[in-house]
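Subject: A structure for you to explore

Hi there,

Here is the structure I promised to pass on. Please open it next to this email and look up each spot as you read.

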Amino acid sequence: MTAKFVISHFVKHYEDINNRKVRQEYGTVSGIIGIIVNLALFIIEIILGATTNSIAIIADAFHNLADVTSSVVTLVGFRLSNKPADKEHPFGHGRMEYISALIVSFVILVVGLQFIKTSFDRVLHPQQVNFNIITFVIIILAIPFKLWLSYFNKALGKMIDSSTLKATGADALNDVAILSGVIISLMASYIFKIDIDGYVGMVVAIFIFLSGLSFVKETLNPLLGQAPDPKLVKEIKNSVLGYEHILGVHDLIIHNYGPGRTMASLHAEVPYNISIMKIHEVIDRAEKELSKRLNMFIVIHMDPVYTDSKEVTDAKKTVVQVLKKFPVVSSIHDFRIVGNGENKNLIFDLVISFDNKVTEEDEAKLKINIDNAIKLEHPGYDTVITIDRDYTS
């Protein structure tokens, strides 16, 4: 049963994934199915774990209970994230989806830590695991359910680009590995009469804990302000450059206020000698059309640049040539010349990637070194340099 088949039967207009209500319904379907499957597995495994005296089975049972909690949090998170904007939250509540994923991650961490302790105690004080063929078969039958749940949530996560659903899918796949460990423990006890239950429980618990850590990192990144998707950056730049009279794009900053709630601001270079009313019409049209097509709020600031000044063109070529000696500089923009006579100021912005660990002291030295290098080529030029960071790298 494919994810699309399920969604098409429970979500109206399921293809309209940019609709926030539709997105919420995706999360609701995922949450309800997750609660049903994981709660059933928890009840079954907690009974089997108590019957067989297996800490590995009990650990996985409580991991399923954590997954039930995760599904509940997913349901609540999607509902809260869909609340409309208000005075206190003018950009809406979309980040609640990230916060719900973070809560899920911490629940997984707590479960993992608890069973690391319990499993270590079982290693120190081994107890007989009672093998039962019915238990063994049921554990094996649980694996296809977890595989399907993993596929289902990952598929939904890709459909609506949800980090919460992708993490839920990955967690379900972890459960498959955990169940495999439980099966190994039961077989070792029955066939070889070896008690490795505590060790398997420890591996299961560590696996749970590491999964929690991975999810914490994944969900913290958008909350802390991670770099945007390079494909989105490229699409925005290329789309803006596709409009008449726009010669260049820089200072692109993308703000993420939750899935489907993104805002981008950028500077567009335009010829200085075009009517301001005409270029304003172009910029205004670009903002409206791209905001609608890319499903985000776009603000474009226009920067006039000289296109017919030989002096400016030659000076810029000189500066670009000089900057090849400074590999930390990735690009240059807002270039202009101010002043009269022989001594003039070259005013421009430099862009440095965050890949380069440059301190404020380094920036000050960089400005001086670039100024000196330009003076060697043209003694009449002084520089006024602003250093920018590339917020999309």
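Below is what I found in it, region by region. Please keep in mind that this is a predicted model.

Strand 4 and strand 5 (residues 344-352) run antiparallel and are joined by seven bridges. If you want a place to begin, find Ser331, which stands opposite Val351 in strand 5.

Next, the aromatic rings: the structure holds six aromatic pairs. In one of them, the ring centres of Phe42 and Phe62 are 5.7 Å apart and the planes meet at 75°; an angle over 60 degrees counts as edge-to-face, so this pair is edge-to-face. Phe42 belongs to helix 2 and Phe62 to helix 3 (residues 55-81), so the pair ties together parts that are 20 residues apart in sequence. Phe42 has 15% relative accessibility and therefore counts as buried, while Phe62, at 32%, counts as partly exposed.

Another pair, Phe335 and Phe348, is stacked, with 5.8 Å from centre to centre and 20° between the planes. Phe335 sits in strand 4 and Phe348 in strand 5, so this pair links parts that are 13 residues apart in sequence. Both Phe335 and Phe348 are buried.

Now have a look at Thr51, in helix 2 (residues 20-52). Is Thr51 buried or partly exposed? With a relative accessible area of 47%, Thr51 is partly exposed. Its side chain reaches the backbone oxygen of Ile47 at 2.7 Å. The C-alpha atoms of Thr51 and Asn132 are separated by 8.9 Å, although these residues are 81 residues apart along the chain.

Finally, helix 7 (residues 197-224) lets you check a length. At 1.5 Å a residue, its 28 residues should span 40 Å, and the end C-alpha atoms are 40 Å apart, which agrees. Just after helix 7, Gly225 takes a positive phi of about 100°.

Enjoy exploring!

Methods: Residues numbered from 1 in each chain as written. Predicted model: local features only at pLDDT ≥ 70, side-chain atom pairs only at ≥ 80, totals over all residues. Heavy atoms only, no water. Helix = DSSP H or I, 4+ residues; strand = E, 2+ residues; numbered from the N terminus. Buried < 20%, exposed > 50% of the residue type's maximum accessible area, 1.4 Å probe, protein only. Polar contact = N/O pair within 3.5 Å; in protein donor to acceptor, adjacent residues only side chain to side chain. Expected span 1.5 Å × (residues − 1). Pairing = 2+ DSSP bridges. Phe/Tyr/Trp six-rings, centres within 6.5 Å; stacked < 30°, edge-to-face > 60°.
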